[in-house]
Structures are given as C-alpha cells and as structure tokens.
Amino acid sequence: MRHKYDEKKIRRVIGEKVQFVQGDASAVYGALLAGCSFFAGYPITPASETAELMSKLLPKAGGVYIQMEDEIASMGAIIGASWAGAKTMTTTSGPGFSLMQENIGYACMTETPCVVIDVQRSGPSTGQPTEGSQGDMMQARWGTHGDHEIIALSPNSVQETLDLTIEAFNLSEKYRTPVILLTDGEIGHLREKCVMPEKGEFEIIDRKGPTVGRDKYVPFQADESLVPSMARFGDGYHVYVTGLTHVEKGYPSTSSAEDHDRLVRRLVDKIEKNRKSITMVEKDYQKGSKIAILAYGASARPSAAAVRKLRRKRKKVDFLRLITIWPFPNEEVRELADRVDRIYVPEMNLGQLVHPIREAAEGRAKIIQVPRIGGPLHTPKEIMDAMRKKA
Amino acid sequence: MMRKEIRIAGFGGQGIVLSGFILGQAALLDGNNAVQSQSYGPEARGGAAKSEVIISDEKIDYPRVTEADVFIAMSQEAYDKLQGDLKERSLILIDKDLVDASSKAIKGIPFTSTADKLGKKIVANVVMLGALTAMTGIVSKDSILKAIKTNVPKKAIEINMKAFEKGYKLGGG
C-alpha cells in the first residue's frame, strides 16, 4: 500500500487548529497527523466515536477505513495492512481488547508495527459500557500469552491523547511492535481544548526498509538496534511471516531451544534495552516531602487536584504521573520511593499497577492503594481522605 | 474568572449534552479554559442525561463538578436526583414547564413552552442557554451566539437565534 503523506490534505480534513473536542476525536487527529493510512475496527462504547470519525476523515485524507465483523478480524486486518506498508490502527474497549489478544501476540512475534487504542470501560465482560475504568492495565501487559515485551502509554487529557497517539505510531514503527494507548471512557468522552501541533513540533518516524538487494535480504536479521528492517509485501523481497518460532530467514523452527531463546530474547531486549528512551513520566516533587501520590491516566486528574489542595494547606507532597505504563518505569518509581515514606496510588480498578509499583519500590516506601470502581472518577476529597487515614 | 461549575441535567433527546458542548466552546472563544463531560444511559432517547461544564481562567485539573455554581434541571427526575452537591449560593434554574419545585430561591423559566411557541420544542435547550447567559454572564453573548451558529444545521440557525433571544429576555437580559 503506497500512501503519500499529504500534510495539507490532512490538515484540511482535521479542520481548525484549536478545537473543543473529545479525547476520542483527538486520538483520530493524532493518528492522521502521524500518517495512519489504514484503520480497521468494530465500534464499541466508549470508543465508537474514534471509529465514526475515522470513517469520515480517513478516506478524505487518502487512507482506507474498513468496518470489520469483529475485533479478532480488526486486529488481523491491521497486521496484514501493516505488512503491505501502511501505518495502521484499530480502536476498541475492554470486551474487544480481550478478543484482540491472540493477534496482538502475533504482532509481537512477527514484529508488526501497529497501534491499538483501548478506551477502557468498566468490566469484566460487557460490564458498564458508558463508564470509564482502568481495568485493562495488566491485560495490556499480559493479555497475550508467552514471554514478550509491549509498549503501552496512558494519556490524562484530550491534548495528551493526540500527542501520545502520534508517539504510539512512532514507537511502533521504531521498534516494530504493537503499541497500546490505554485511555478510558473519562478522557475519551471528555471535551477540552486541543491544539493541533504544527509541522516541526512533532516527529514522524517511519520503519526502516531493506538496505540490501532482494537476493541478500534476510527478513528477521537485526543489526545492533535489535530491530530488523521491514520489507513491504509486493516489493519483491522474499518474506516469510509466521507466529511460530522462526529463524532469521523467517522459516519455522519449532523444536530448537536455541532458536527460540535467541528470537524471544531479542524481541524482549529491543524494548527492554530502550526502556530509558521509551519512558515518559511527569514529576512534581517538593523538597522534604514524606508522602506522594502516584497516578496515571484519568485518575491523575483528581490526583493533581488533591496535590494542589494539599499544598494550598502548606502540606508537602510529591506527585508522580506515569505516561509510559509498559515497559514499567521502575527507576522513576524507585527514585520516588527513596524520597518519601508513603506513596498513595489512586486507580480506577481494585489494584493493578499498584503491584509493579510495589515491586519497583522494593520496600523503600509503603505503597497504599486508593481503589475506585463503577464509573465516576475519584474525587480529590476521596483521595485526600484516604491520605488522612494513616495506613 | 475563578473556577465555575455548571451542571445541566434532563432526559435524553433534550440536547443536554449539546448545550454543555456549546457552553464550553463559547468559554474557549472567550479565552478561558473549559472542560465538558457527560453521563447518560445506553438509550438514545428517554433515560437520564447530564452534562457538566467547568470554566476557568486557570488550568482545570479535576474535570467533574463537586459543588455546582449553577444547576439547571430540565426534568423532574433530574431535579429530584441531582439537587445535592450545590454551593450555598448556587443558582438553580429549572424548566418551569417540566419541573415542580417549591423553593422561592429557585428560578423557573418556561423553556419548553417558549420553544414550542417558536414552533420547535427541541430548541428549549437554546432558550435555556439564553437565560443562563443573561443571568450569569458566565460566557459572553457574542461567543455563545457564535458557538450556537457553528453547531446547529444551517436551516435551523434562525430559529435558534430567536430561541436564544427569547431566553435571554426571560433571564432579564
């Protein structure tokens, strides 16, 4: 699929530079700006607006939109189109994200760049369609089977949804891996000011293509970056793609421990060894704080309000917001645990990221859950009340 | 302008979400920050609908209403269910045609019958926006008129402008 990135056309399709829009819409704008040219999806609340808007805008920007029969097929379609050379995306919510897991693993194993936006809703199962949640944080990490690394990002605003969607495309192209954007019903349906970034204010990364001739190309041979170059289907390069354990030529090798170890370790290492450059956090520390709030995504909004209110009362409090969720920002959490005695973790689930946080803190600080489920955000007061109770 | 919290509630189909959206967009045109959120059931019509708008000249961290400065009820159910979480001096504005409220502190305006007289019940939400603008000045008249124009179909602009002006007058503007 040959797609020409036509910036003028994309900006015309997006419309005004400053808009009052939902997070679901800004995700679409981010995808278009990043050069997404293929979208396959199955609408689901609270992600339906992404599919609806994509169906309107993507064809006008020169891309292809397909509504699939389900989420399994959606994931399959974006993997196939990616191999045909397109930057691809699908969007969904919890129930659909569950269905996508098998093919997400296939994308990891076959090193297929693609972006999955999960607008999380209250689960399990079909749960509460119109209520937001942070219930898929662990599913994004371990929903698909087998050893693997994954990249997942979580925005806390409409603007950041746009910015991180662009980043998700860039990371997926750079590392040849599926990237998950973990937003939720709160941010997805929230309307806020969103400013379209100008050219030069954001980067566009494209996957590496083959640098050698057709006769010398080895599809899964990586250089020191650990990321192989990717030939496009139809360009005449010999490419063999399989979810089975494979050797560098792409052919299956299903009973060699050595081949499996070499492949899977490289898939893990290409992300693990770049943890530093993939990690994004927002730090707001005060000298002498003994307590901290550590949050991400939608629950970072009431958390920031709680921090502001506490500081107005002249209480010292540190605030750490995770933007990159996977690979997990271990070092940043450890650094915070070294600074304070207690870290409060408000999550819209009954305890998910609190576990890697506790693991990263290595007992250097007490980690206290502030869970909430069933829809509405925590209130700032609820978080402050939890902090007053000495755990 | 300090943080102002506005809650608009009614039932699905009254344009509750749209009126919140228009209000937020007008605030942006005024140069302020705004967030708008909503909650509704899975039904397209009927069911309870709620739209919340926060307007501030500062960054808005918590995007939901904790204590409304303005509460607008466009249905009895919304009024009965949501009159908590108010500030002591909150402005409570109801659709007199649809809501029974005894307290004198509550301002009642006939949004629906005013809209009906104009020929289209569905512009009751814009009558409400007119009254709200006149009573609070929370957004400028220029900005909200611009926001209404960009969000209604072309052929419906005229009736919406009329609805706004009627509401504006009923709100004392």
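Two residues are in contact if their C-beta atoms, placed from the backbone, lie within 7 Å. Helices (H or I, at least four residues) and strands (E, at least two) are DSSP runs, numbered from the N terminus.

This is a predicted model, in which local features need pLDDT of at least 70 and side-chain atom pairs count only at pLDDT 80 or more, while totals for chains, interfaces and linings use all residues. Residues are numbered from 1 along each chain as its sequence is written, and chains are lettered from A and ligands numbered from 1 in the order in which they are written.

**Confidence**

pLDDT is the predictor's confidence in each residue, from 0 to 100. Chain A has a mean pLDDT of 97, with 99% of its residues at 70 or more. Within chain A, β6(A) has the lowest confidence, a mean of 92, and β7(A) the highest, at 99.

**Helix α4 of chain A**

Helix α4(A) covers residues 71-83. Its 13 residues reach 19 Å from the first C-alpha to the last, close to the expected 18 Å; the expected span is 1.5 Å times one less than the number of residues. A residue is buried if 20 or more other C-beta atoms, placed from the backbone, lie within 10 Å of its own, exposed if 12 or fewer, and partly exposed in between. Among the buried residues of α4(A) are E71(A), M75(A), I78(A) and W83(A). The cover over the buried residues of α4(A) includes β2, β3, β4, α5 and β5 of chain A. Just after this helix, G85(A) has a positive phi of about 110 degrees.

An automatic or database domain assignment sets the domain bounds. In chain A it gives domain 1 (7-195) and domain 2 (282-388). Their centres, taken over C-alpha atoms, are separated by 26 Å. The contact between them takes 24 residues from domain 1 and 22 residues from domain 2. On the domain 1 side, α6(A) gives the most, with 4 residues.

Chain A also meets chain B, in a contact of 17 residues from chain A and 18 residues from chain B. Here α11(A) supplies the largest share of the chain A side, 5 residues.

The table gives the residue classes of two of these sides.

**The largest nonpolar core**

A nonpolar core is a set of buried Ala, Val, Leu, Ile, Met, Phe, Trp, Tyr and Cys residues joined through C-beta atoms within 7 Å. The largest one has 164 residues, of which L32(A), I293(A) and I343(A) touch the most other members. Helix α1 (residues 16-29) of chain B gives the largest share of this core, 9 residues. Domain 1 and domain 2 of chain A both contribute residues, so the core lies between them. Leaving aside residues up to four places away in sequence, I293(A) touches residues including V307(A), F319(A), Y344(A) and I383(A).

**Other sites**

In chain B, helix α5 (residues 141-151) has the buried residues S143(B), I144(B), L145(B), A147(B) and I148(B). These pack against α1, α4 and α6 of chain B.

S55(A) lies in helix α3 (residues 48-57) of chain A. S55(A) counts as partly exposed because it has 16 C-beta neighbours inside 10 Å.
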